[in-house]
Amino acid sequence: MSESGKSLNFIEHIIETDLENGFPKSDLRFRFPPEPNGYLHIGHASSICLNFGLGLRYDAPVNLRFDDTNPTKEEQEFVDAIKADVKWLGFEWAEECFASDYFQQLYDWATALIKDGKAYVDSQSSEAIAEQKGTPTQAGSHSPYRDRPVAENLELFQKMKEGGFPEGSHVLRAKIDMASSNMLMRDPVMYRILHKAHHRTNTDWCIYPMYDWTHGESDYIEQVSHSLCTLEFAPHRELYDWFLDQVISSEKIRPKQREFARRNLSHTVVSKRKLLQLVTGGYVSGWDDPRMPTISGLRRRGCTPEAIRNFADTIGIAKRENVVDVALLDFHMREHLNRIAPRVMGVLDPVKLIITNYPGDKEEWLETENNPEDPDAGNRTVPFSRELYIEREDFREEANRKFFRLKLGGEVRLKSAYIIKAEEVVKDTDGNIMEIHCTYDPKSKSGSGTPESLRKVKGTLHWVSANHCTPAEVRLYDRLFADPTPDQHKDRDFLDFINPDSLQVITAQLEPSLNNAKAGDRYQFQRLGYFCVDPDTSEDNLVFNRTVTLRDTWAKLEQKDS
């Protein structure tokens, strides 16, 4: 059943064991159950890849189920964004489900529990209920309402549903065991009163089921065979099973909850509460800010779905939580973009270069390759003229022998063009270099086959023609946090570690072929990194986001600091 040459993870081992013990393969069904109270992030992407990956491996359906049981935080906007993210990652769900689809069934089952003496309406405050829970080493105490008559419980529960009581006045609790070593089993709350409009059911309901009551029963209704959760839900499994025991039928599949470890990413946070703080506090421009670990933010930054899927596959599934270096995600971005991204030339920090022996009225269109990794990508032509722009950091007046870029008296090749030699510089009154004056060898044109064109020089520079280039706003994004684990410091707020240099906005000069670039198009700016056209782009203003540099410069900085 496993892919040849690839070992199974522990979740797959569980499924394989179930199949070996007679569970029908045709009955396998999985689900991805997000709560629509925010945007999905890179941690969710791992869960998406796990569940939908299992669906692909076993040719089994996977439901997309929205756990929409809290109308105070959930919105249709988040539902739409989640669906878009799952589709963008390349997955298709079998059925689109909502926990709210099951509100009536859940209510009917809860009513049956009351009739069986297994649930009761508690009229205490939330503070009193919490105090009676006890501690992990001390048993809890019974609610004074625990033995309410069934008829009274049914009447109160009905009135709760109809909106006859204010919020906080009553809750419905399961009657289990107030002395259980698992505090989640100490008469957990099943329903609370909320006079809030729901994004799907509007004001039809005044009571809403809690997660633990909803989760397993929804799995059962949908006949999910393996319900996969992150590790913090391991203590909930006993309650998951208890609730199932109350409604299960022997003719139907009993869902099985199993847990895997959450993978945290360095230099970021994935708590929805903290991500919301970043948005509402103005530290980022929104949920899709390219510095955010949200899937929409990664997409806007220029990350590909293939890179995220490969990242999820590399980190795998484990039973222990750990922090994954964000450099691994960057690696997968580079690896995939290197294969698919067309090469173009852009100069981020331009300084003018004048070829003094090149005719002022002459221009050439030189042929250059689009992607050496893709033979079918073909070639394009770029304009060449007397006045060019190169990167300021690619020139030094004086440099040692290890500097293979342009220096006075030194030679370099201009990409797909000619060999040039720096002769002199022109400076302003403050000593800043304004122009580099060079000469070129007319016989050294790339691809011409002349002896001069075959001459070896150690440096090759990218460039753009000053008369033809296109100005563009370029947003240089970096790590949002300067610390690898910003939310793991007990004595510091995670916001203290915001990287002040996480965004730098510059004006770059780009080759004219990019005039027709559209939002979402990805390119490699040669020798610089990978860039993506931002949705803010307009006819008058071309905007690019830096997806990732060509090399992991951050790792070098951290090594230097240490």
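Two strands count as paired if DSSP finds at least two bridges between them. I took strands (E, at least two residues) and helices (H or I, at least four) as DSSP runs, numbered from the N terminus. This is a predicted model, where local features need pLDDT of at least 70, side-chain atom pairs count only at pLDDT 80 or more, and totals for chains, interfaces and linings use all residues. Residues are numbered from 1 along each chain as its sequence is written, and side-chain values use heavy atoms, with hydrogens and water left out.

**Entry 1: the sheet**

I looked up an open sheet of 7 strands. Its order is E23-E20-E21-E22-E14-E17-E24, and the pairing is mixed. E23 (460-461) and E24 (464-465) are the edge strands; each has a single partner, so one side of each has no neighbour in the sheet. In general, strands of a sheet pair through backbone hydrogen bonds, parallel or antiparallel.

I then went through some pairs.
- E17 (residues 387-391) runs antiparallel to E24, with 2 bridges. Here Tyr389 stands opposite Val464 in E24.
- E14 (residues 350-355) and E22 (residues 433-440) are parallel, with 4 bridges. Lys352 faces Glu435 in E22.
- E21 (residues 419-427) is joined to E22 by 7 bridges and runs antiparallel. Ala422 has Cys438 in E22 as its bridge partner.

E21 and E22 form a hairpin with 5 residues between them. In the turn, Gly431 has a positive phi of about 90 degrees.

**Entry 2: helix H3**

I checked the length of H3 (residues 76-88). Its 13 residues at 1.5 Å each should span 18 Å, and the end C-alpha atoms are 18 Å apart, which agrees. The expected span is 1.5 Å times one less than the number of residues.

Which residues of H3 are buried? I noted Phe78, Val79, Ala81, Ile82, Asp85, Val86 and Trp88. Buried means under 20% relative accessible area, exposed over 50%, and partly exposed in between (1.4 Å probe, protein chains only). Just after H3, Gly90 has a positive phi of about 100 degrees.

**Entry 3: His142**

I found His142 in the loop between H5 (126-132) and H6 (150-162). His142 is partly exposed, with a relative accessible area of 48%. Leaving aside neighbours within four places in sequence, His142 contacts Gln132 and Met178. Contact means heavy atoms within 4.5 Å. I also looked at Arg186, 44 residues from His142 along the chain; their C-alpha atoms are separated by 9.2 Å.
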